[in-house]
Amino acid sequence: SLSKLQLKTGDLDPRLFSRLRHLQKLDLSDNLLDKFPNSLTLPDLRVLNCNNNKLEDVTALKQFPLLEELTYENNVYLTVIMFLLQNLRLLNGKDITKLANHVRRVNSRKLTSKVTAHWKKFFSDQHLEKYTAEQVKSIKKKFLKSVQTNVVYGPSSLSEFTRWRVKMIAEEFLANSLGLELNSDTEPEEKTDENEEESTESPREAAEDVAPVGDFSSYISNVTVTPSKRKRSHSKSSPGNKKSKTQANTEEEAEEDVSAEPLHFLQCHSKGNSREDFKTQLWSCVFEPVLDSGARKDPIVSSSRTVATCGGESVCLIDCETGTVLKKYKVATEEFFSVAWTTLTMVLSDSRKKAHNILAAAGRRGIVKLIHVAADFCYGEIKAHKKPIATVCFSPTQETHLFTASYDKRIALWDIGIPDCDYNFKASQLLVLETASIPLRIALVPTCPEQYLLAGCEDGCFAWNIKLDKGQKSRPFEAIFQFPGEESLTTSHRVDGLAFLNDDVVVSKSSKPGCIYLWSWSKSFDAKGKGCQRTMSAVILAELEWSTTDMSYLTLSTCPAKEYVFCGDEKGSVWMYNLSTYTTGWGSPKGKRSERRISPTQILTWPELRVNGEQPPEILVNNVVADPAFTYLVVLTSVNITAIWKKS
């Protein structure tokens, strides 16, 4: 509650408010506000009281998309508010659902029709391609003025709203149908890293806030979306391979269980904020852990809707529900390949201890950036490798232990330390694992994360003993795994996807096209054997049917709590596998391999998405990740588009 404090607009500091990501109720009544700042960024705000202020410009309210209740008496522009806030139910204590639906849908549809007709009747003979830029600008101004004067709809009490809405629709019409951009607001330049060679003791880089969703660089506007889904097709069973009635029913239930719809399409990693950037590759995303939720005990409780994504020169923090880009951190000379979260208990200046989420980001320069997200602050860096870092991950049991896998054919284990109240910290290297080829994906074995690490590399799948009580700081691999090849078992193949489905089942791709393997760690790895660099055969539990593409680096992920596997393909589709009906059988002592390939439970195909009337170029899904509760699915592509799906 900030009521009756004589607050003026300048008193609402966006840098302070943008940290209140979970605030749901705010009372600003009885103050002296004449407008809202555009970047308060309160993505979870549901109830707002701004009664008795001097507010005249209400368009900034659209930054609160989840707002359900608004008290706004002794102010103006109530109809505009209904249109801006799509979830609003109560206005000044009254249910406005029916009226708001009319304003949002019927009114907008009629006005759009009238605006289009006005252009066709009075301006369609203007061949804009023949005019100079200045002449085109003049025509656009004439059209806007004319359409606001002549397009009338609804009662006179709504005339001001109608003029405002007509102007908005006309601008959208010009931009979308004719490719004419009218927004003259220039976007603030993003801050870049000015001092690239900082030590771990005195780094000072500010993480940057990004403009809200309405900004084209964050959000792709003018999108035509036609989602479609393909459920798995069952091959006809041979007489010797009949399914029991129970199996058939279970599989039918699994099919019906999944329903996901596209929610947002974001273009927030553009180089130089270019709207035309459909080349920046997006590589990695990971959901932020929820603080004080027993995250290490219950993955469902620890689920959040905030995800960190990386690609090109930037790292973004996105609210999956609203599509708001909450934060953006940028280094002009970097290309980020991987991000990872950890939660550190830091000592504050008054000696109190408090848990904070820290984000590690790394890429082409071989440097790990450490970002205290809540403080908008990159407090340090670790010069980890001289060559690019392909992937990073934190230990689930030792919060300061970070693994970095590099193109220098080494995987390093670091203790990143805990920063003090002045952000001084000391990082140290604990271990170096020597690889025979470039490591692409790494995973710690869930049952013994302090003892064994698994890595998918350019030339095979390897395991290392990482126990720190062993004296050897630099270690060769302990085992390399054999998989079925085209004709015989092979150890030599690129493994560009690797994750654990549960404590024992490993999911990896690809020793041969069109196939993802599920195999047992405990049955494959001989922990009692002696010596290094031993060859072991992966005990295959099942094969997943996947695209037959030979395209590399389209990685997979798992959702262990829901027993799902996800993998994107070369056509923008996401293959989803619900394996809950299989895992119990695989875990039993007599667990047998599934004889036939398991088809996807469902394939989410890329929607028809047009930007300025055109479809983006060929779309590869580089990565797809679900939150632990499988509410959201974040899809990272090769064309600088982050797609967010929501399970309904």
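1. In which sense do strand 3 and strand 4 pair, and over how many bridges? Strand 3 (residues 69-71) and strand 4 (residues 90-91) pair in the parallel sense, over two bridges. Two strands are taken to pair if DSSP finds at least two bridges between them. Within this pairing, L70 stands opposite L91 in strand 4. Helices (H or I, at least four residues) and strands (E, at least two) are DSSP runs, numbered from the N terminus.

2. The model is a predicted one, in which local features need pLDDT of at least 70 and side-chain atom pairs count only at pLDDT 80 or more, while totals for chains, interfaces and linings use all residues. Residues are numbered from 1 along each chain as its sequence is written, and side-chain values use heavy atoms, with hydrogens and water left out.

3. The sheet is open and is formed by five strands in the order 1-2-3-4-5, with mixed pairing. Strand 1 (25-27) and strand 5 (94-95) stand at the edges with a single partner strand each, so one side of each is left without a neighbour in the sheet. As background, strands of a sheet pair through backbone hydrogen bonds, either parallel or antiparallel.

4. In helix 8 (residues 580-587), the buried residues are Y582, T583 and W586. They cover an arc of only 105° around the axis, which puts them on the same side of helix 8. The arc is that of the directions from the helix axis to the C-beta atoms. Buried means under 20% relative accessible area, exposed over 50%, and partly exposed in between (1.4 Å probe, protein chains only).

5. In the model, residues 382-416 are 0% helix and 57% strand, and the end C-alpha atoms lie 8 Å apart.

6. The count of disulfides comes to zero, a disulfide being a pair of cysteine sulfur atoms within 2.5 Å. C268 is in no disulfide, and the nearest cysteine sulfur, that of C316, is 3.9 Å away. C268 counts as buried at 2% relative accessibility, whereas C421 is partly exposed with a relative accessible area of 42%.

7. The whole structure holds 18 salt bridges, each being a side-chain nitrogen of Lys or Arg within 4 Å of a carboxyl oxygen of Asp or Glu. One of them joins E68 and R46, whose closest N and O atoms are 4.0 Å apart. This pair links distant parts of the chain: E68 is in the loop between strand 2 (47-49) and strand 3, and R46 is in the loop between strand 1 and strand 2, 22 residues apart. Both count as partly exposed, E68 at 26% relative accessibility and R46 at 23%.

8. K383 forms a salt bridge with E381, with the closest N and O atoms 2.9 Å apart. K383 counts as partly exposed at 43% relative accessibility, while E381 is buried with a relative accessible area of 1%.

9. R494 and E458 also form a salt bridge, their closest N and O atoms being 2.6 Å apart. R494 is in the loop between strand 26 (489-490) and strand 27 (497-500), and E458 is in the loop between strand 22 (452-457) and strand 23 (460-465), 36 residues apart. R494 is partly exposed at 31% relative accessibility, and E458 is partly exposed at 21%. Elsewhere, salt bridges that share partners join D44, R46, E68, R305 and D319 into one network.
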